[in-house]
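Here is a short briefing to keep beside you while you look through this protein.

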Amino acid sequence: MKKALIVWGGWDGHEPEQVAAIFAEMLREAQFEVEVSTTLAVFDDADKLMGLDLIVPVWTMGEIARERVDNISAAVQNGTGLAGCHGGMCDAFRKNTDWAFMTGGQWVAHPGNDGVKYTVHIPESTHPLVAGLEDFEVTTEHYYLHVDPAVEVLATTRFPLVDGPHRLNKPVDMPVVWTKHWGVGRVYYHSLGHHADIVALPQVKEMLRRGLLWAAEGKAEAQNLIGKEPVNGNSYSGMADSQ
């Protein structure tokens, strides 16, 4: 049985408890053994993290000790999947650049705030994470992120839609869904999820379900790639954030 760890907390405005419950239900339906934690201290146990198939952060605007990010990074580099959505993953620990590098992006703005109606565009693709899915409209925050150019983009949205200092720049297609690798581990991100009702939308929920399972399925493949010796889990910046 695959093992997943969901860690929720931080800013209550993103309804982390409710979102974590949706993720837990998805994973249990897929026959995962699921642990749900409300403390970042769970990231102190490096050996435990290394034994997981999946880590799901649901934690907005917090701070985290460098050693905890190092432990997560080491686990992901060795095949543990990392998957999440919205600010719970890519606005989790703003001060820690290692976290942003690992996850593939950082939230910087949501022009128009909550209530912007926009289209999520899914290009035709045979990728299993989006195969058979179609464009859909959603009304929520329109997430503008600074994104790692190495990610594989699976869905986008067009900016600008509302007035703001970005308005006179050329139109851009902002990633909504992406994947990347960190070491041999799989990383999945979906920018929708401001509230639990957005996560529960059929299109969003299906994309997230596929993403969670995809990230977790990388563990067995990763072990074949790296053999018996773990990959070095050191961070790059060595920032000393604390919590």
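In this predicted model, Glu67 counts as partly exposed because its relative accessibility is 44%. Glu67 forms a salt bridge with Arg66, with 3.4 Å between the closest N and O atoms. Arg66 is partly exposed too, at 28% relative accessibility.

**Other salt bridges**
- The structure holds 11 salt bridges.
- Lys48 pairs with Glu35, and their closest N and O atoms are 2.7 Å apart. Lys48 sits in helix α2 (residues 46-50) and Glu35 in strand β2, so this bridge ties together parts that are 13 residues apart in sequence.
- Lys48 counts as partly exposed, at 29% relative accessibility, and Glu35 is partly exposed as well, at 31%.
- Glu137 and Lys117 meet through their side chains in a salt bridge of 3.5 Å, N to O. This pair links strand β7 (residues 136-140), which holds Glu137, to strand β6 (residues 116-120), which holds Lys117, across 20 residues. Both Glu137 and Lys117 are exposed.
- A network of salt bridges joins Glu206, Arg209 and Arg210.

**Cysteines**
- You will find 0 disulfides here. The sulfur of Cys85 has that of Cys90 as its nearest cysteine sulfur, 9.9 Å away, and Cys85 is in no disulfide.
- Cys90 is likewise in no disulfide.
- Cys85 counts as buried, at 5% relative accessibility, and Cys90 is buried at 0%.

**Nonpolar cores**
- The largest nonpolar core has 42 residues, and Ile6, Phe23, Leu27, Leu54, Val120 and Leu192 touch the most other members. Helix α7 (residues 202-216) gives the most to this core, with 8 residues.
- A separate core of 31 residues includes Phe43, Ile55, Ile64 and Trp182.
- Helix α1 (residues 16-29) has 14 residues, which should span 20 Å at 1.5 Å a residue; its end C-alpha atoms are 20 Å apart, in agreement.
- Pro16, Val19, Ala20, Ile22, Phe23, Ala24, Met26 and Leu27 are the buried residues of α1.
- Their cover includes β1 (3-10), β2 (33-37), β3 (54-60), β4 (81-85), α6 (196-199) and α7.
- Just after α1, Gln31 takes a positive phi of about 70°.

**Domain record**
- UniProt, in an unreviewed entry, lists residues 3-215 as "domain: ThuA-like".
- Over residues 3-215 the chain is 29% helix and 32% strand, with 12 Å between the end C-alpha atoms.

Methods
Residues numbered from 1 in each chain as written. Predicted model: local features only at pLDDT ≥ 70, side-chain atom pairs only at ≥ 80, totals over all residues. Heavy atoms only, no water. Core = buried A, V, L, I, M, F, W, Y, C linked by side-chain atoms within 4.5 Å. Buried < 20%, exposed > 50% of the residue type's maximum accessible area, 1.4 Å probe, protein only. Helix = DSSP H or I, 4+ residues; strand = E, 2+ residues; numbered from the N terminus. UniProt positions renumbered as here; feature names shortened; annotations may be inferred. Expected span 1.5 Å × (residues − 1). Contact = heavy atoms within 4.5 Å. Disulfide = S-S within 2.5 Å. Salt bridge = Lys/Arg side-chain N within 4 Å of Asp/Glu carboxyl O.
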